Amino acid sequence: MPFFIDTHCHLDAAEFDADRDAEYARAVAAGVGIQVVPAVSRDNFAAVDAVSARYPGCLPAWGLHPMYIGVHRPEHLADLRTQIEARRPVAIGEIGLDLFVRGLDYATQEFFYIEQLKIARDYDLPVLLHCRKANDELLKHLRRIKVRGGIAHAFNGSPQQADEFIKLGFKLGFGGAFTWPRANNLRRLAVNLPLDAIVLETDSPDIPPAWIGRGRNAPGELPRIAQTLAELRGLDIETVARATTRNARTLFGLEEDPV
Ligand SMILES: [Zn+2]
């Protein structure tokens, strides 16, 4: 059976409180042996830590998400360093910029993004980037503050922006969004980008694939997302699994399977 890595999964989210064990087991049974679980705020570190301690396939990332700038405080950056030292993550995330959601002060977002890029650089860790309508802004700072690559999570930009991320050592994260038949831009990218630039993700419980509709997404859906990518590219699922898993392993420095 192919081995998959869900490079972005919020298994700690309250949406999974009733059946988290079952959804984790379903993912492992489907071949999703690793899930990267990014934190979104300082107060969320404990929940991500608990999930990572309970499930051997869940690997934490620590970060302060741009949609939660209302709760972040400058001193949380010191707490982030403490957390990294307490439990080494596979990445710094989820960090980034969001120019889509209204009412998120841009200067504050930029401050936390820049400071966390510096932390990622200091600890030689890749970053998981939330990017909505802000690819050029994200890239501008990545050219200045050199981190060890990362993932442009839920990437939806132009082929030129994709190339710029790739040049900086980044992979592009693809999940449920491109499975929708009318997602023309994403489908074109999913077909045309080099396979060694792509990693798979679910962003569970968000970004449900077409077959779930408006329901809750789960990491066990990742193989079907891989199958959809394989069909679009005219490949078999084993080829897609092998390539995307290798890409994620290289990025996160994961040589061995935790489960
Ligand atoms: Zn996320």
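In the predicted model, the chain contains nine helices and eight strands. The radius of gyration of the chain is 17 Å, close to the 18 Å that the globule rule gives for 259 residues, so the chain is as compact as a globular protein of that length. Taken along the principal axes, the box filled by the C-alpha atoms is roughly 45 × 40 × 35 Å.

Of the 259 residues, 56% count as buried, and the accessible surface of the chain comes to about 11,100 Å², with 51% of this area belonging to carbon and sulfur atoms. Among the contacts in the chain with a separation of 6 or more, 71% are accounted for by residues 24 or more positions apart. With regard to charge, the chain carries 30 positive and 34 negative side chains, and a distance of 5 Å lies between the centres of the two sets.

Helix H4, which covers residues 106-122, has 17 residues and reaches 24 Å from its first C-alpha to its last, a span close to the 24 Å expected at 1.5 Å a residue. The buried residues of H4 are Gln109, Glu110, Phe112, Tyr113, Ile114, Gln116, Leu117, Ile119 and Ala120. After the helix comes Asp124, whose phi is positive, near 55°.

Two loop positions, Gly31 and Tyr68, were then examined. Gly31 is placed in the loop between helix H1 (20-29) and strand E2 (32-38). Because its relative accessible area is 5%, which is under the 20% cut-off, Gly31 counts as buried. When residues up to four places away in sequence are left out of the count, Gly31 touches Met1, Pro2, Phe3 and Phe4. For one of these residues, Phe4, the C-alpha atom is separated from that of Gly31 by 5.8 Å, although the two residues are 27 residues apart along the chain.

Tyr68, in turn, is placed in the loop between strand E3 (58-62) and helix H3. The relative accessible area of Tyr68 is 38%, so this residue is classed as partly exposed, a class that lies between the limits of 20% and 50%. The C-alpha atoms of Tyr68 and Gln116 are separated by 14 Å, and the two residues are 48 residues apart along the chain. Gln116 is itself one of the buried residues of H4.

Note on methods
Residues are numbered from 1 along each chain as its sequence is written. This is a predicted model: local features need pLDDT of at least 70, side-chain atom pairs count only at pLDDT 80 or more; totals for chains, interfaces and linings use all residues. Side-chain values use heavy atoms; hydrogens and water are left out. Helices (H or I, at least four residues) and strands (E, at least two) are DSSP runs, numbered from the N terminus. The radius of gyration is taken over C-alpha atoms; the globule rule is 2.2 Å times the number of residues to the power 0.38. Buried means under 20% relative accessible area, exposed over 50%, partly exposed in between (1.4 Å probe, protein chains only). Contact means heavy atoms within 4.5 Å. Accessible areas come from the Shrake-Rupley method with a 1.4 Å probe; for residues, only the protein chains shown count as cover. Lys and Arg count as positive and Asp and Glu as negative; His and the chain ends are not counted. The place of a charge is taken as NZ of Lys, CZ of Arg, CG of Asp or CD of Glu. The expected span of a helix is 1.5 Å times one less than its number of residues.
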